[in-house]
Amino acid sequence: MVMGSLNTEVEVVVIGSGPGGYVAALRLADLGKEVMIVEERERPGGVCLLEGCIPSKALINAIELSEAAKGAERLGLTFTGLKLDHVKLRAWTDGVVAQLSGGVKTLLQKRGVEIVHGRARFQDNHSLAIEGGGTIAFKQCIIATGSSLNRLPAGIDQSVWSSADALKLEEVPGTLLVVGGGYIGLELGLVYAGLGSRVSVVEFSPRLLMGADLDLVEVMVKQVTKRLNAVMTDSKVKGIEPRDGGFDVEIEHEGKTERQRYDRVLVAIGRRPNTDGIGLEHTKIVVDDKGVIETDGECRTAEPHIYAIGDVSHGPMLAHKASREGKVAAESIAGHKVEFDNRAIPAVVFTDPEISWCGLTERRAEELGVTVNVGRFPLSALGRARAIGHTEGLVKVLSEPETDLILGVGIVGPHASELIAEGALAIEMGATLADLTETIHPHPTLSEALMEAAEMAAGTAVHVFKRS
Amino acid sequence: MFEFKLPDLGEGIHEGEVLKWHVQPGDVVVEDAPLVEVETDKAAVTIPSPRGGKVVSTTGEIGDVVATGQVIAVIDDGQGASVTPAAAAAAPASKPAAAGRAAEEMPAGLPVEEPVKAAPAAPPARAVTQPNSTVSGRPVPAAPATRRLARELGVDLTLVPGTGPGGRVTPADVQAFLAGGAPAPAAAAATAPATATADRAVDGTTRMAAAAAASAIPFLDLEPMPDFSLQGPVEIEPLRSIRRKVARKMTTSMILVPHVAHMDDADVTALEEFRLRMKTQREGEPVGKLTLLSFVIRAITAGLRAAPAFNASLDPFREEIIYKKYYNIGFAADTGKGLVVPVIRGTDVKSIREISREIEEKAALAREGKLPLEDMQGGTFTITNVGPLGGTALIPTINYPEVAILGMGRVQEKPVVRDGQIVIRKILPLTLAFDHRVADGADAARFVGELVRNLSDPNLLLLDT
């Protein structure tokens, strides 16, 4: 590790050590490249590991355990004195993050990847200036600077929580308003609801999770509204004013403006690529009006020796997409013939129940004017779902009518996040319905639902009776 | 901005290996100053800069293989600056890969949190329709491993008919497509080496699979090399340049051409006496060394005129034999960097002195790596003379697509029987390897017989050739 000023030369420099950057650096090192990684935070891991996917999942797990305990009475299981100590939970979460971040650091160090701390800025297309002094000259570079949270427009108080603030678990407010009904807002809203806050969600769009198919979202919304105080869609936040240790919030809905008081406000309204202030103007790199770097199939920017991966490039801002791009960029630098040609980037929402999908959605098929064959299988018809007492949910498979090729998979229900991997594999492999229906799925498991949905699409299902 | 593409380096040359860059990005280069040194299968060439200006970028590290027509350097010549940025911006977006990614169905805006302000539901800016998509704009169904294989073999998946369910393209489909004569560059890409840094194991396996699929010869086992380093220390050198060219040419020749070797001895006692006398008499004159090879070239040329089958080529695809009415004799030269075959053109109208002088000049150039490409092309017949290095007999491999090659062994004094007496004569062992598709054993016997006769009597050589 190098601190402070240095002037050095390296074959490849990676800016950012998130799930895109560190994977790229490790792969490059394995391919025999001399690699340096520049990270402005104290620890490697990026948003995903330090203040995103990982800590939020640690919290969600605790909440789900507590909810399961509360709902276990009908199984004859009664817990008394159930208590969720948010300070202990915070310590647990911090421990998880520290272990994983330490693991990434060890992996980098064992491969001889040098970690330089500081903020990098391009001086020209072959060198970086490091904040606090020093320059790094490079032959090739990967930009993996990730993204930052969008803030509310100017004029609105900035002391509201960001998702990173909320993850710190410093207090459990009595009432919490979540601005933004996307996946982060919903996941964190449910965490605080589980911790005992009265949580309201306000969303500008007509419904929650606008990108997901309605049938999946409806199942989830029906469940989560039981745990939330209010879900306000089609509503606009007009003003947020701090007052007496709380916030007065003006919300406009159908032309009427109401003023509500909340102890805390969490704003989760999307992210923006970190492409400002890194000196891109000193290169030929092309950035679009949203700050996204234009890249080709090998993740190369308009400067062929500089790559951009993860949240700074086009596509969903997801860790697993960044990691895959990291590998593509690393192998491209090593001269391999590679391409980011993935057809299915799974999307997962860790609400309760979870939602996941990949490939084509029904919504998108409609937009494209594509006719698809949809096979839907309700979890209520599945043995395992009954046995665990979670029948709310469904699995659907979208296939091409002429060929039976699987184009999309959507899931809502317990463990949807785990089950979607099979769907992604099917789409990437160019699998047909028969490939799913003729693969033996273990019984009794939730995984059978995907096979059954394919049976529904193929018209060969036996576990559902359709009147002719 | 001027985008400099690797120019045509000669007939049949599609690529070269970067040996040395004379400039670095940021350097200012003047017109015609050396830009880059590239080694092709046949020679090392220094390529001058066609423009003056500032070098913006170069493509290809030392050891990388670059293709002709590929942009290898961008030079800011102060003209048309607006062209390149636009092209650069367009280039990433127009690649099919970008479309492939856009076809991924994650609705924009969703995977990130829903913005309070209206989030446009439109796909990302670079979402364009998949150019080669089939039904419903989806990409060609093929597993990631198949796609990787196609990429490595340079096969455009959208052109490959898929035999799997739903039109899925299988690895076998890709290989069958390749073997079945893919549209032009794909086949070349299959054998073309990847860059020097490419993962050896992956590349090797892929090429082997392609070779296996392409050859389909019963009993032919194409298996990966064992790990020799388990047995003892090894050193690995990439097959490049001349060595690779020789490997390709010899493999092609041995697999494609049914070789026959015909052997005979020429009694060159009189010829050697004549040659050495002339050499001594003409000492001080620029006749060169007056080598035995020049006499043999002269004699061979006479033989080829009488037996045109040995100065021909066979086109197996058009099923034609092409008889050449010109006589360009190549001779194998050991250059220290590998085998090079300089060609002496028009040997039917050149004197032995001229031929001798040309052999000496061209051999010297070849050793220095400076022999122009055109002096290695257009041969109709090749002679390989290992005599000076020793050897009583050899079976040479035809320099495909020629149909015959003459191997010369070492001239040695040997006891032979002449008119019932054992006498000591200077004997030159000769082997003619020829393509049995074009000529038969009797033709070869007559051809070599005539050659032996001409070489045994300088007067006949004078009279008949």
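1. Start with helix 3 (residues 53-70) of chain A and helix 4 of chain A: their axes come within 9 Å and cross at roughly 140°. Helix 3 of chain A is therefore oblique to helix 4 of chain A. Angles under 35 degrees count as roughly parallel, over 145 as roughly antiparallel, 65 to 115 as roughly perpendicular, and the rest as oblique. Axes are lines fitted to C-alpha atoms, for helices over the stretch in contact, and angles run from 0 to 180 degrees between N-to-C directions. Helices (H or I, at least four residues) and strands (E, at least two) are DSSP runs, numbered from the N terminus.

2. A word on the model and the numbering. This is a predicted model: local features need pLDDT of at least 70, side-chain atom pairs count only at pLDDT 80 or more, and totals for chains, interfaces and linings use all residues. Residues are numbered from 1 along each chain as its sequence is written, while chains are lettered from A and ligands numbered from 1 in the order in which they are written.

3. Back to helix 3 and helix 4 of chain A. Their crossing is right-handed. A crossing is right-handed if the near helix is turned clockwise from the far one by less than a right angle, and left-handed if anticlockwise. Helix 3 of chain A contributes A:Ile54, A:Pro55, A:Ala58, A:Leu59 and A:Ala62 to the contact. Helix 4 of chain A answers with A:Leu89, A:Trp92, A:Thr93, A:Val96, A:Val97 and A:Leu100. Two residues are in contact if their C-beta atoms, placed from the backbone, lie within 7 Å.

4. Helix 4 (residues 86-110) of chain A also packs with helix 1 (residues 21-30) of chain A. The axes come within 9 Å and cross at roughly 25°. That makes helix 1 of chain A roughly parallel to helix 4 of chain A. The crossing of these two helices of chain A is left-handed. A:Tyr22, A:Ala25 and A:Leu26 of helix 1 meet A:Val104, A:Leu107 and A:Leu108 of helix 4.

5. Chain A as a whole has 13 helices and 21 strands. Of its 468 residues, 54% are buried. A residue is buried if 20 or more other C-beta atoms lie within 10 Å of its own, exposed if 12 or fewer, and partly exposed in between. Among contacts in chain A between residues at least 6 apart in sequence, 65% join residues at least 24 apart.

6. The largest nonpolar core has 147 residues. Such a core is a set of buried Ala, Val, Leu, Ile, Met, Phe, Trp, Tyr and Cys residues joined through C-beta atoms within 7 Å. A:Val13, A:Ala25, A:Val265 and A:Leu266 have the most contacts inside this core. Helix 6 (residues 183-195) of chain A supplies the largest share, nine residues. Beyond its neighbours within four places in sequence, A:Leu266 contacts A:Val160, A:Trp161, A:Ala166, A:Leu176, A:Val178, A:Val179 and A:Leu188. A second, separate core of 52 residues includes B:Ile297, B:Phe331, B:Ala439 and B:Ala444.

7. Look next at A:Asn125. This residue sits in the loop between strand 4 (120-124) and strand 5 (127-130) of chain A. A:Asn125 is buried, because 21 other C-beta atoms lie within 10 Å. A:Glu281 is 156 residues away from A:Asn125 in sequence, yet the C-alpha to C-alpha separation is 9.8 Å. Not counting residues up to four places away in sequence, A:Asn125 touches A:Thr283, A:Lys284, A:Glu303 and A:Ile306.

8. One open sheet of chain A has five strands in the order 17-18-21-20-19, with antiparallel pairing. Its edge strands, strand 17 (347-349) and strand 19 (373-378), each pair on one side only. The twist averages 10° from one strand to the next. Strands 19 and 20 (residues 394-399) of chain A pair in the antiparallel sense over six bridges. Two strands pair if DSSP finds at least two bridges between them. A:Val374 has A:Leu398 in strand 20 as its bridge partner. Helix 11 (residues 416-429) of chain A lies across strand 17, strand 18 (354-359) and strand 21 (406-413), running at about 10° to strand 18.

9. Chain B has 12 helices and 19 strands. Of its 465 residues, 37% count as buried. Helix 9 (residues 292-306) and helix 11 (residues 441-456) of chain B pack at about 140°, with axes 9 Å apart. These two helices of chain B are therefore oblique to each other, and their crossing is right-handed.
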